[in-house]
Amino acid sequence: MTLYAFIKTLHILSSVLLVGTGFGTAFYLFFANRSGSVAAIATVSRLVVRADWWFTTPAVFIQPLTGLWLVHIAGWPWSTPWLMASVALYLLAGACWLPVVWLQLHLADMAKKAAAAGTALPPLYWRYARYWEWLGYPAFVAMVGVYFLMAGKPALLLP
């Protein structure tokens with residue numbers, strides 16, 4: 001296996017972990033929240049935080065490192081339109097993800113406390129859950145755009 005193929009494989013695997021874990025955990029917390037079960041929400045939110053630390057966070061760092069390495073090895077200029085658009089979309093997803101991480105930590109903490117006390121989730125939980133959800137949509141769409149650009153490397157016609 002060439003160095004390029006090895007780095008590309010790492011890049012693809014980390015992208016699958018990044019988007020797959022993000023989408024999967026969002027799916028489960030989205031539906032746990034709609035279940036109304038504080039115990040289920042507490043368990044799922046705790047596991048969402050764990051999955052973010054174990055899988056998403058390393059992939060967030062591996063993606064740009066392997067991507068930069070691939071750009072260097074392949075000799076692509078940074079002015080390549082699909083590459084510039086990919087970086088912009090990745091940064092947009094990251095700008096959404098950072099507050100999502102903060103929100104997830106607080107959601108998990110509030111759910112844990114409510115489950116332990118046998119009480120309902122506070123109104124702040126539901127407000128944070130809405131923010132968490134609203135930030136997830138543009139992040140997911142941005143990452144789908146990155147996949148499209150990386151896979152197809154289209155010749156974008158930008159002025």
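Phenylalanine 27 counts as partly exposed, at 40% relative accessibility; buried means under 20% relative accessible area, exposed over 50%, and partly exposed in between, with a 1.4 Å probe and protein chains only. Phenylalanine 27 is found in helix H1, where helices (H or I, at least four residues) and strands (E, at least two) are DSSP runs, numbered from the N terminus. Before going on, please keep in mind that this is a predicted model: local features need pLDDT of at least 70 and side-chain atom pairs count only at pLDDT 80 or more, while totals for chains, interfaces and linings use all residues. Residues are numbered from 1 along each chain as its sequence is written, and side-chain values use heavy atoms, with hydrogens and water left out.

**The surface**

Phe27 belongs to a nonpolar surface patch of about 720 Å², together with Phe23, Tyr28, Phe31, Phe140, Val141 and Val144. H1 and H4 are the elements that give two or more residues to this patch, and the largest share, four residues, comes from H1. A patch here is made of residues with over 30% relative accessible area and no salt bridge; like charges are joined within 9 Å, and nonpolar side chains (Val, Leu, Ile, Met, Phe, Trp, Tyr) within 5 Å. For the chain, the accessible surface comes to about 9300 Å², and 77% of that belongs to carbon and sulfur atoms. These areas come from the Shrake-Rupley method with a 1.4 Å probe, and for residues only the protein chains shown count as cover.

**The overall layout**

What does the secondary structure of the chain come to? There are four helices and zero strands, in the order α-α-α-α from the N terminus on. The C-alpha trace spans about 60 × 40 × 20 Å along its principal axes. Of the 159 residues, 37% count as buried. Among contacts (heavy atoms within 4.5 Å) with a separation of 6 or more, 78% join residues 24 or more positions apart.

Helix H1 covers residues 3-35, and its 33 residues should span 48 Å at 1.5 Å a residue; the end C-alpha atoms are 48 Å apart, which agrees. The expected span is 1.5 Å times one less than the number of residues. Just after H1, glycine 36 takes a positive phi of about 80 degrees. The buried residues of H1 include Ile7, His11, Leu18, Thr25, Leu29 and Asn33. Their cover includes helix H2 (38-74), helix H3 (81-117) and helix H4 (123-152).

Isoleucine 73 lies in helix H2 and is partly exposed, with a relative accessible area of 33%. Not counting residues up to four places away in sequence, isoleucine 73 touches Leu3 and Tyr4. The C-alpha atoms of isoleucine 73 and leucine 3 are separated by 8.9 Å, although these residues are 70 apart along the chain.

In soluble globular proteins, nonpolar side chains tend to be buried together. The largest nonpolar core of this model has 18 residues, and those with the most contacts inside it include Leu29, Leu107, Tyr125 and Trp132. H1, H2, H3 and H4 each supply at least two residues of this core, with H3 giving the most, six residues. A second, separate core of 13 residues includes Ala93, Ala139, Ala142 and Val146. A core is a set of buried Ala, Val, Leu, Ile, Met, Phe, Trp, Tyr and Cys residues joined through side-chain atoms within 4.5 Å.

Leucine 107 is in contact with Leu29, Ser45, Tyr125, Tyr128, Ala129 and Trp132, leaving aside its neighbours within four places in sequence.

**Salt bridges**

How many salt bridges does the structure hold? There are two, a salt bridge being a side-chain nitrogen of Lys or Arg within 4 Å of a carboxyl oxygen of Asp or Glu.

| Pair | N to O distance |
|---|---|
| Arginine 34 and glutamate 133 | 2.9 Å |
| Aspartate 109 and lysine 113 | 3.1 Å |

The pair of arginine 34 in helix H1 and glutamate 133 in helix H4 links distant parts of the chain, 99 residues apart. Arginine 34 is partly exposed, with a relative accessible area of 46%, whereas glutamate 133 is buried at 17%.

Aspartate 109 and lysine 113 both lie in helix H3, four residues apart, about one turn of the helix. An α-helix has 3.6 residues a turn, so residues three or four places apart point the same way. Aspartate 109 is partly exposed, with a relative accessible area of 34%, and lysine 113 counts as exposed at 53%.
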